[in-house]
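Please look through the sequence and the structure shown below before reading on.

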Amino acid sequence: MDYYSVISRFDPQRHEFYRYEFRWPARLYHTVRLLIVAHGRPELGRVLEAVTTELPYHISIDITTARHASSRGPAGTDLTGFRFTTPDLVDYDQVWLVTTGGAPDLAPGELTALWAFMQGGGGVFATGDGAGLYRRIPRVRGMRNWSRSSGAGAVPNSPVVVKPVHQPVGWPTLGRPDSAPHPVMCGRDGPITVLPQPSTRGRVEPAAAIDLTAGVDVEGTVVEEFPDDTAPTVIAVGAGADDDDEFNLVSAYDGHRAGVGRIVVDATGHHVFAATVEQLAGPHDAVRAVISANGTPSVEQVSLADHWRQIKDYFQNVAIWLGRAGSHDRVRRLGLLLAANHVDALMTWQPQPIDDPARRLPYLRELGTRAQDALHRFAPQRQRIDVTADLLHQLRMDDLATRWRLRLVDYRLVEQVALGGAVDALHRAVSERDYADLPGVRLDAIVRGGAAAALGELTAELRAAVDMLGTLLVKGDEPPDPRHVVHSGHCVG
C-alpha cells in the first residue's frame, strides 16, 4: 500500500490544503441548484454528505430538501408540505426523486409542472423504488421497466461491483482510446466500479427495449417523450457471479441534444441504502481518523474507504452532469482557469516571450504538463479529458493526425503542447482581475488560438524532423564515416 497515495486521498486536511495551491482570489465557481424530493424514509444524510463534501474547487452545489405533502418522509427537510406546483421549479437546475417505495399522491397540475420543468431544460435523477410515481413521468417510465425484475441478486446490505459502459468521446482521438466511461461513471481516481446495493425491482432498460416514438398522456395532453430521435443509454452494468448474470444498473438520457433536460435513472435500493453505505462510510471515517492521528490504516479499511469515495464521486457526477445546457461549458472554462493558476503553472510560465524554437516547445510542454497535474488535483477524470478535448476538437490537425495514425507521436505530447499554448495565451491576454467579467466566448477564442499556435509550431518541428530523416536516407548509399560509427554502444574515434 502506497502510504502517500492513501494520505492524498483521505487526509481530511489535504483537500483544503490543496485549495491554497491555487491563486484564486475571486473564488469563482459554478453553483448547481438541486432540489431533493424524498418519499418514504430514505437516508438523506449520507446522500447530502456525498454530494457536498470535497467538491472540485470550481463547483458549488446548493441543495434544498423537501417532503411531499401527501407522503410520509424523513424528518428535518427544508420544505414540508411540498408540491411540485408550490415553488417555482425554474429556480432549480435539477430535481432528485429519492424514494423507498410507494408513491406520493400528486395533485392536479403537479405532473404537468414537473414535465414543463423537464422540457425547459431541468434535469431529473430518479432513484429508489418509486414505481407508482416513476410510471407516470415521461421518459423516466421507459428508462426503468417496473413490470420486470432488475436482474440484481438478493444480496442484502452489500455494494455491487460495476462495469462502466464505454461511450465514444466525440472528438478527434489521434491515438488516444476513442471511448471512455460516461462522465457520470468517471471518478477522481478513474472509472467508478462500485455502487450501493441495487433493488431487485424495476429493470433499467436499454434503448432497444423502449418505444421511442410513443406518446404519453400528461394530465390530458399527449406529449412526445423522445424528440429528434434521441434515446437513453445504459452507462453502467452490475456484475453478477459470471458474465451471464450482468444486469443494467444506470441509464442516462442526454436531452440537451434535443433542447430539453437530462435524466439519470438507476436501480439503487434506498430501502437498504443506509445499511449498505455504512459498511463503507464507517471505514472511510475511521481511515481519516487514523491518518489525523498520524497512524497507518489497514489495507482492508482503505479498500472499503475507497468504495465510499467512488460512491461520493458518482453522486457528485450526477449533479454536475444533470446541469442545464451551458453549465458544462462554464465548468470547463472555470476548470481551465483554475489549472492555469496553480502555483506550479504560475512558476513555469515565462512573462517574457520565448522566441528560440529550441526552447519554445519544451517550455510549452512543461507548462501544459503542470496544468494537467493541477487538473488531476481537483477534477474528475472525464472533466480532465474534456478540458483538453475541447481545445483539440476545434482545431484542424491533418498533419498531426497522419503522424498520429502512424504512431510516430505520443498523444500526450500533443495534448501537453496544446494545453501549454492555451495557458500561455491566457496569461498574456487576461489579468486575473478580469476573470469574473471575462465572456466565455472570448476565453474560448484566447485559449483555442493559443493551442492552435502551439500545435502549429509542433507541426513545423515534426516536418523539419521528417525532412532531416529523409535527407539522411538519401545519403544512405554513401559509405559511413568510420569516426562516427556506433558499435556496441561506443563511438570509434
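In what order do the ten strands of the open sheet lie? The order is β3-β2-β1-β4-β5-β18-β17-β16-β7-β12, and the pairing is mixed; strands here are DSSP runs of E with at least two residues, helices are runs of H or I with at least four residues, and both are numbered from the N terminus. Two strands count as paired if DSSP finds at least two bridges between them. The edges of the sheet are formed by β3 (79–82) and β12 (194–195), each of which pairs on one side only. Strand β7 (residues 160–164) runs antiparallel to β12, with two bridges between them, and Val160 is placed opposite Leu195 of β12.

The model is a predicted one, in which local features need pLDDT of at least 70 and side-chain atom pairs count only at pLDDT 80 or more, whereas totals for chains, interfaces and linings use all residues. Residues are numbered from 1 along each chain as its sequence is written, and side-chain values use heavy atoms, with hydrogens and water left out.

Helix α7 (residues 273–292) has 20 residues and spans 28 Å from its first C-alpha to its last, close to the 28 Å expected at 1.5 Å a residue, where the expected span is 1.5 Å times one less than the number of residues. Among the buried residues of α7 are Phe273, Leu280, Pro283, His284 and Ile291, buried meaning under 20% relative accessible area, exposed over 50%, and partly exposed in between, for a 1.4 Å probe and protein chains only. After α7 comes Asn294, which has a positive phi near 65°.

The count of salt bridges comes to 28, a salt bridge being a side-chain nitrogen of Lys or Arg within 4 Å of a carboxyl oxygen of Asp or Glu. One of them joins Arg46 and Asp285, at 3.3 Å from N to O. Because Arg46 lies in helix α3 (residues 44–52) and Asp285 in helix α7, this pair ties together parts that are 239 residues apart in sequence. Arg46 counts as buried at 12% relative accessibility, while Asp285 is partly exposed at 34%.

Arg188 and Asp313 form another salt bridge, at 2.7 Å from N to O. Arg188 sits in the loop between β10 (186–187) and β11 (190–191) and Asp313 in helix α8 (residues 299–321), so the pair links parts that are 125 residues apart in sequence; both Arg188 and Asp313 are buried.

Within helix α9 (residues 327–340), Arg332 and Asp329 are three residues apart, about one turn of the helix, and their closest N and O atoms are 3.4 Å apart in a salt bridge. Because an α-helix has 3.6 residues a turn, residues three or four places apart point the same way. Arg332 is buried, with a relative accessible area of 14%, whereas Asp329 is partly exposed at 36%. Both belong to a network of salt bridges that also includes Arg333, Asp390, Asp444 and Arg448.

At the surface, Leu472 of helix α15 (residues 440–474) is exposed, with a relative accessible area of 56%. Together with Met468, Leu469 and Leu473, Leu472 makes a nonpolar surface patch of about 460 Å². Patches are made of residues with over 30% relative accessible area and no salt bridge, like charges being joined within 9 Å and nonpolar side chains (Val, Leu, Ile, Met, Phe, Trp, Tyr) within 5 Å; accessible areas come from the Shrake-Rupley method with a 1.4 Å probe, and for residues only the protein chains shown count as cover.
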